[in-house]
Amino acid sequence: MALIGMHDVSIAFGGPPVLDQARFAIERGERVCLLGRNGAGKSTIMKLLHGELAPDAGEVVRQSGVTVARLDQEVPDDIEGSTYDVVAEGLGPAGALLARYHHASHRVATEHSDAALREMDRLHHELDVAGAWEMQTRVDTVLQHLALDADAPFHLLSGGRKRQVLLARALVRQPDVLLLDEPTNHLDVDAIEWMERFLIDRDATIIFVTHDRAFLRRLATRIVELDRGRLVDWGGNYDAYLRRKEAALAAEAKEWAEFDKKLAKEEVWIRTGIQARRTRNEGRVRSLEALRLERRARRDRVGTVKLQAQEAERSGKLVVEAKAVGFSRGDRPIVKDLTTTIMRGDRVGLIGPNGSGKTTLLRLLLGELPPDSGTVRIGTGLEVAYFDQLREQLDPERSVFDSVADGADFIEVRGETRKHVSGYLQDFLFSPDRARTPVRALSGGERNRLLLARLFTRRFNLLVLDEPTNDLDIETLDLLEELLLEFSGTLLLVSHDRAFLDAVVTSTLVFGGGGRVSEYAGGYTDWVRQRPAPAVTPPPTSRKAAPVPVPRPSRQKKLSFRETAELAELPDRIDALEREREQLYLSLADPALLRDGSAVATARARLETLDAEITGLTGRWEALETIAAGGGG
């Protein structure tokens with residue numbers, strides 16, 4: 001029996017129906033991906049299934065006792081407390097108890113007072129009675145893998161971090177049905193891959209919306225598409241969907257062409273001379289009226305975005321040359337000893353965890369930031385266009401129309417054709433009415449499309465894209481890929497979208513921790529195949545290929561005897577530290593230890609030390625492995 005479903009559900013918001021007598025059901029263990037164009041109504045379906053919206057007609061049904069949790073695209077304004085408080089809130093009353101215990105343990109560690117110890121002991125007993133210790137492990141695991149600071153005030157976090165906290169809250173709850181709306185936005189690749197394993201290993205029942213095709217392919221067991229008010233169940237996986245969809249669209253186009261031909265013939269007949277009107281068949285007239293009604297009721301597919309890059313004159317052969325570049329913020333190294341050369345026509349992807357310094361590296365390579373050490377030489381004849389992930393180039397109070405042309409009525413397309421701004425915006429799926437909307441009223445996908453529209457009014461030969469794929473629908477992503485593949489200039493791309501990187505870039509600069517940036521040939525999948533296998537646990541199942549790093553001739557060297565011995569010992573040292581860390585995590589769930597405030601403080605301090613040691617040793621191991629492979633030693 002289905003856990004949750006819709007029977008003949010219809011809903012509209014003043015225009016064409018978002019859903020028109022739609023039917024849907026999900027069984028336990030299914031992972032259903034909901035596809036559809038930006039603005040089609042996918043989030044509306046999520047709200048209907050969650051119970052936040054009521055349908056105009058039909059009903060949403062669920063099994064008795066079924067729990068549903070939803071990750072929304074928008075961050076509510078009324079959330080207070082620390083990150084830990086918000087995440088634990090997903091567990092209900094037990095989560096509130098865990099949050100109080102978390103704060104009490106901090107007071108014990110800092111105050112060392114009898115009152116604080118008594119309070120923690122009391123909360124400890126309540127957690128025993130509630131059987132909530134397993135839930136604490138669940139919260140700690142999700143916080144760790146999403147790299148969230150448990151004690152950071154929620155209201156001070158960035159928009160992306162807030163969405164990660166809300167994702168963590170949804171994951172720890174482990175409801176019967178989990179509704180995820182663009183869960184990969186603002187996550188780095190490691191966090192996305194961990195979430196994939198987390199959801200698959202727990203056999204979670206999920207309905208999710210995503211633009212990340214790698215995530216979709218890994219997770220989805222069934223594809224359902226929202227298309228012009230109808231829910232179409234395509235079954236199978238994403239690649240099967242693409243084949244079936246293409247065939248269905250071709251059949252639809254043929255059917256509609258035949259229909260339109262028949263309608264045109266009947267319209268000619270009804271308008272013939274007086275003799276035909278006297279002898280016309282009234283049944284045929286009624287049939288024509290029915291054809292007209294059917295044509296008026298038909299909902300054509302939303303058009304596709306038309307992307308055209310206005311390429312400037314070719315730049316010089318050399319675009320950027322960096323030699324031994326270093327840059328730090330305070331005591332933290334962002335880039336250390338980076339040497340690389342980017343030539344005209346190169347398409348370079350930047351990969352790394354959130355906060356590792358990808359945007360900073362872009363600014364160094366473009367000459368916007370001076371390096372602390374080393375040199376950056378910029379080539380000649382460069383005309384740069386920059387897609388900003390923070391949308392700082394869009395004034396929220398200006399209209400869509402004014403944001404593109406800065407108040408002008410016409411723009412030049414490809415440097416020669418003048419086009420009215422309204423017509424140009426329709427190429428990016430903005431209707432004339434929508435073109436007068438202020439930017440603040442746009443969805444995330446619409447803002448991305450607007451920024452692309454603004455970007456492509458300019459001439460450039462160096463295109464810099466900083467997270468361009470967030471919130472774009474898959475069809476627009478495919479078109480953007482095609483444009484970039486045809487672009488003859490130079491591309492610098494920051495993205496966590498693995499499929500997009502594979503399709504577009506020819507080499508990658510990868511942040512490895514401690515300011516190390518390594519260069520690899522190919523896209524994301526090529527980097528995974530070439531890099532040394534990580535020693536951290538649990539080992540990602542997709543990273544077991546033998547390491548084949550691309551050598552840099554100017555940097556090659558061989559390991560010394562001492563370094564060879566060190567390399568052989570490092571895996572065992574890292575394993576030992578990780579075992580000790582795992583034991584500490586287990587001990588922190590032991591009631592006997594938790595009654596001793598000083599022991600808790602000591603354990604937490606040791607955990608911090610272990611994390612730092614493991615990170616340092618892992619970085620050293622990867623560096624030695626790279627030298628060993630590149631130097632032939």
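This report describes selected helices, strands and sheets of a predicted model.

Strand S1 covers residues 4–11. Of its 8 residues, 6 are buried, so S1 is largely enclosed by the rest of the structure.

S1 pairs with strand S2 (residues 19–26) through 5 bridges in the antiparallel sense. Within this pairing, isoleucine 4 lies opposite isoleucine 26 of S2. S1 is also joined to strand S4 (residues 57–62), again by 5 bridges and with an antiparallel arrangement. Here methionine 6 faces valine 60 of S4.

## The H5–H6 crossing

Helix H5 spans residues 133–145 and helix H6 spans residues 159–173. Their axes come within 10 Å and cross at roughly 145°, and the crossing is right-handed.

On the H5 side, the contact is formed by Arg138, Val139 and Val142; on the H6 side, these meet Ala168, Leu171, Val172 and Arg173. By class, the contact comprises 5 nonpolar and 2 charged residues, with no polar ones.

## Helix H7

Helix H7 consists of 13 residues, 189–201. At 1.5 Å a residue it should span 18 Å, and its end C-alpha atoms are 18 Å apart, which agrees with that expectation.

Because 10 of its 13 residues are buried, H7 is largely enclosed by the rest of the structure. The buried residues include the nonpolar side chains of Val189, Ala191, Ile192, Trp194, Met195, Phe198 and Leu199. The charged residues Glu193, Glu196 and Arg197 are buried as well. After H7 comes aspartate 203, which has a positive phi, near 50°.

## The three-stranded sheet

An open sheet is built from 3 strands in the order S12-S11-S14, with antiparallel pairing.

Strand S11 (residues 318–329) and S14 are linked by 5 bridges in the antiparallel sense. Lysine 323 stands opposite threonine 375 of S14. Helix H12 (residues 358–365) packs on this sheet and touches S11, S12 and S14. The direction of H12 makes about 130° with that of S11.

## The six-stranded sheet

Another open sheet contains 6 strands, ordered S15-S19-S20-S13-S21-S22, and its pairing is mixed. The edges are taken by strand S15 (384–387) and strand S22 (517–521). Each of these edge strands has a single partner, so one of its sides is left without a neighbour in the sheet. Between neighbouring strands of this sheet, the average turn is 15°, direction ignored.

Strand S13 (residues 347–351) and strand S20 (residues 490–494) run parallel and are joined by 4 bridges. In this pair, arginine 347 has leucine 491 of S20 as its bridge partner. Helix H16 (residues 444–455) packs on the sheet, where it touches S15 and strand S19 (462–466). The angle between the directions of H16 and S15 is about 175°.

Note on methods
Residues numbered from 1 in each chain as written. Predicted model: local features only at pLDDT ≥ 70, side-chain atom pairs only at ≥ 80, totals over all residues. Heavy atoms only, no water. Axes fitted to C-alpha atoms, helices over the stretch in contact; angles between N-to-C directions. Helix = DSSP H or I, 4+ residues; strand = E, 2+ residues; numbered from the N terminus. Left-handed = near helix turned anticlockwise from the far one by under 90°. Contact = heavy atoms within 4.5 Å. Expected span 1.5 Å × (residues − 1). Buried < 20%, exposed > 50% of the residue type's maximum accessible area, 1.4 Å probe, protein only. Pairing = 2+ DSSP bridges.
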